[in-house]
Amino acid sequence: MPEQAQGASTMPSSPSTSQQATPSTPPRSLRKNLHKSPFTSPSLNRSCDRFIPSRDVQDSEVSSWLLRKQPPSKSPPDSADNSDVSSRDQRYKHQIASRLLEGMGYSPGRGGGGGGGAGAGGGAAFDVGAGGESFANTPRVLNFGSPHNSPMKRPASKNTESESHRAIKSMHSKMSANDHLNRKAKRAIPTAPERVLDAPGLLNDYYLNLVDWNCKNILAVALDKTVYLWNAATREIQELLSLDGANYVSSLSYVHENGNLLAIGTSDHKVQIWDIAAIAKVREMRGHSARVGSLAWRGPLLTSGSKDTTIINHDHRVSRHIVSTYKSHRQEVCGLAWNSDGLTLASGGNDNLLALWDVRRQNSGESHYDEPTHSCKDHLAAVKALAWSPHQRNVLATGGGTADRTIKIWNAANGKCLNSVNTGSQVCSLIWNKNEKELLSSHGFSENQLCLWKYPSMERLAELKGHTGRVLYMCQGPTGQICSAGADETLRFWNVFGTQSAHLTSKKHTQMSGSRRQFTTRVNLR
C-alpha cells in the first residue's frame, strides 16, 4: 500500500459540505475555508488509509438535530410548502432547539425559524458557542478532531444521560400530557330520545311553563286544565288536580329543598301550593289580575310573574303572603329565575326586556320596586328562556323569540352582555349541564330542535331532532336526564348530558345509539 504524503493531513470535507458543491473539485475559496476550519484533524500516521471519526468528542443530540433540520425554504412565505407547517410544530422545534443548543447563543428569532440554521448547508444558527468559540461559519456536523482541541467538547457527566437529553424528555412528556388533555375523547351524545310519552292537550303557548321535575324523580306535566304526576322510577301516573270551567294551568314549579311542594299558576289569576305526597292543596294565594305564566322558588319564598306585568314575592307560611312587588315590565312576564345564592332575580318579558333585581340593593322598609338593578334591552323579541350558570355565580344565559333568535350570555354583576350567538330559530328554553360547561337550548320556528353548545366558545356540539312542533318547554331530572315538551303533544326524554356511569361507558353508548332508535318506548301519559 503506498504511503500517504506527509503534507496531506488536511481532512476532506464532511458529507454535509461535499453535498453543497456540485463540481468534483471544491472552489478555491471553499478549500481555503476548509483548511482554516477548527475541525481540521491533526496529521495522521502515514500507515493510515482512511479517516475514522472521533465519536467521543461528538454531541449526539446536537448533531442529530442539526442533521435533521430542514434547509431554508426558497418559496415565498405564503406558499403551500410553508402553510403545511403548523404553529404547534414551529413552537415544538423552537423549544427543542433552545434545549439542545442551550449555552451556545441560540436565538429562536435567528436559528429557530424553521429554515436557516447550522446544519448541512444551513448557514449560521447561532453566533457564540460554549467557551466563546464562534460557530457562525461552521458547516460541519460530525467532528473528526481530537478531544483536546474540539470546540464542541463538553464536561463529562457522571450520568450516562446528558442534561439536554433529560430536559428534552421532560419537555416532551409535559407537551404530551397537555396534548392528551386537549384531545380528550368526546363523550357519545345520543341523538335519539330514550323514551317518548304522548301528552294530548299540551298547550301550544310560548309564554307558559308547563313541565317541571323534582329531586324525587317525579315529573309534573300540565295538560290543559289537569296536572299529572309521572314517577320516572316506577313509571306510575297520578292525577293531582283538575280545574273547573274554562280555566287552565299556566305554570308549574317545584320547591328545590325536598320536592314535596308544587306551585301551580292558573289562568284565573291564582297561585296554588300543593303537597304531592299527601295529594292535598296547602295554600291558595291571590294578588295578580291576569294569568300567572311563570314561577320561581327562592327557598321558602315563591316568586310569580303574570300577564298583568307585575312580579310578586310570596311567603306561603304567613297569612299576609305578599312580601314585595316588582313592576318594570310593560308586557307579560314570561320568564323568572333566581341565581344559586338567591340574591339576584332575572325576569324576562314580552316587551323584549331582561331585568335583573338585586335584593341587596333594596331597602328593607319598602315593598314596591319600579326600577331593576340592571335593565338589559339587547334582545329584539320576547325573553322567556333564562338559565343561571352552575359554574359561575353571575353568569346568566338568555334566549330571544322569533324576531331575535339569539342566545346571549350576561354578566349579572354589571349587566353587560358577554357573548351573543345567532341560533337561527326561536329560543324557547335553556338548561345548563351541571357536570360540564355546556348549555342546552330548545327551539321553535323554524327548526324545532334541541342544540347542545360548548361554553364559553358557544360551539354547537350536537343537534337533537325528533319533535315535529315547537319544543316549548324543558326540565332536568335528578339524574341529569332532560325532558322536552313540544307543540306536537309529546314528551321526549334525552340523555344528552349523561351521568357519571354514562361517561365511563361512552364507547358502549356509541355502539348502542343505532339500536336505541328502534326500541324507543312510546306511552300515553293519560
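Biologist: In this predicted model, how do the residues of the lining of the largest pocket divide into nonpolar, polar and charged?

Modeller: The lining divides into 27 nonpolar residues, 14 polar residues and five charged residues.

Biologist: What is the volume of the largest pocket, and which residues are the closest to its centre?

Modeller: The volume is about 1,400 Å³. The lining has 46 residues, and the closest to the centre are Asp212, His256, Ala337, Trp338 and Leu386. Several strands give two or more residues to this lining, among them strand E2 (211-213), strand E14 and strand E27 (471-476).

Biologist: Why is Glu332 called buried?

Modeller: Buried means under 20% relative accessible area. Glu332 has 7% relative accessibility, and therefore it counts as buried. Glu332 is found in the loop between strand E13 (322-326) and strand E14 (333-338).

Biologist: What makes the pairing of the side chains of Glu332 and Arg291 a polar contact?

Modeller: The cut-off for such a pair of N or O atoms is 3.5 Å. The side chains of Glu332 and Arg291 make their contact at 3.0 Å, so the pair lies within the cut-off. Leaving aside neighbours within four places in sequence, Glu332 is in contact with Arg291 and with other residues, including Tyr207, Ser306 and Asn350.

Biologist: Is His443 buried or exposed, and how do you know?

Modeller: The relative accessibility of His443 is 0%. Because the limit for buried is under 20%, His443 counts as buried. The place of His443 is in strand E24 (residues 438-443).

Biologist: Which backbone oxygen does the side chain of His443 reach, and at what distance?

Modeller: The side chain of His443 reaches the backbone oxygen of Gln426 at 3.4 Å. Gln426 is also one of the residues in contact with His443 when neighbours within four places in sequence are left aside. Others in that list include Cys428, Cys451 and Arg470.

Biologist: Why is the pair of Asp315 and Arg317 called a salt bridge?

Modeller: Side chains of opposite charge can pair when their charged atoms come close. The limit is 4 Å between the nitrogen and the carboxyl oxygen. For Asp315 and Arg317 the closest N and O atoms are 2.9 Å apart, and therefore the pair counts as a salt bridge.

Biologist: Which residues are linked in a network of salt bridges?

Modeller: The network links Asp268, Lys270, Lys281, Glu284 and Arg286. Within it, Glu284 forms a salt bridge with Arg286, the closest N and O atoms being 3.7 Å apart. Glu284 is partly exposed, because its relative accessible area is 30%. The structure holds twelve salt bridges.

Biologist: How many helices and strands does the protein chain have, and what share of its residues counts as buried?

Modeller: The protein chain has nine helices and 30 strands. Of its 526 residues, 47% count as buried.

Key: Residues are numbered from 1 along each chain as its sequence is written. This is a predicted model: local features need pLDDT of at least 70, side-chain atom pairs count only at pLDDT 80 or more; totals for chains, interfaces and linings use all residues. Side-chain values use heavy atoms; hydrogens and water are left out. Helices (H or I, at least four residues) and strands (E, at least two) are DSSP runs, numbered from the N terminus. Buried means under 20% relative accessible area, exposed over 50%, partly exposed in between (1.4 Å probe, protein chains only). A polar contact is a pair of N or O atoms within 3.5 Å; within protein, one must be able to donate a hydrogen and the other to accept it, and residues adjacent in sequence count only if both atoms are side-chain atoms. Contact means heavy atoms within 4.5 Å. On a 1 Å grid over the protein atoms alone, a cavity is a set of points where a 1.4 Å probe fits but cannot get out, and a pocket is an open set with protein on both sides within 12 Å along at least five of seven lines; lining residues have an atom within 4 Å of a point. Grid points are joined across faces, edges and corners, and a volume is the space filled by probe spheres set on the points. Ala, Val, Leu, Ile, Met, Phe, Trp, Tyr, Cys and Pro count as nonpolar, Asp, Glu, Lys and Arg as charged, and the others, Gly among them, as polar. A salt bridge is a side-chain nitrogen of Lys or Arg within 4 Å of a carboxyl oxygen of Asp or Glu.
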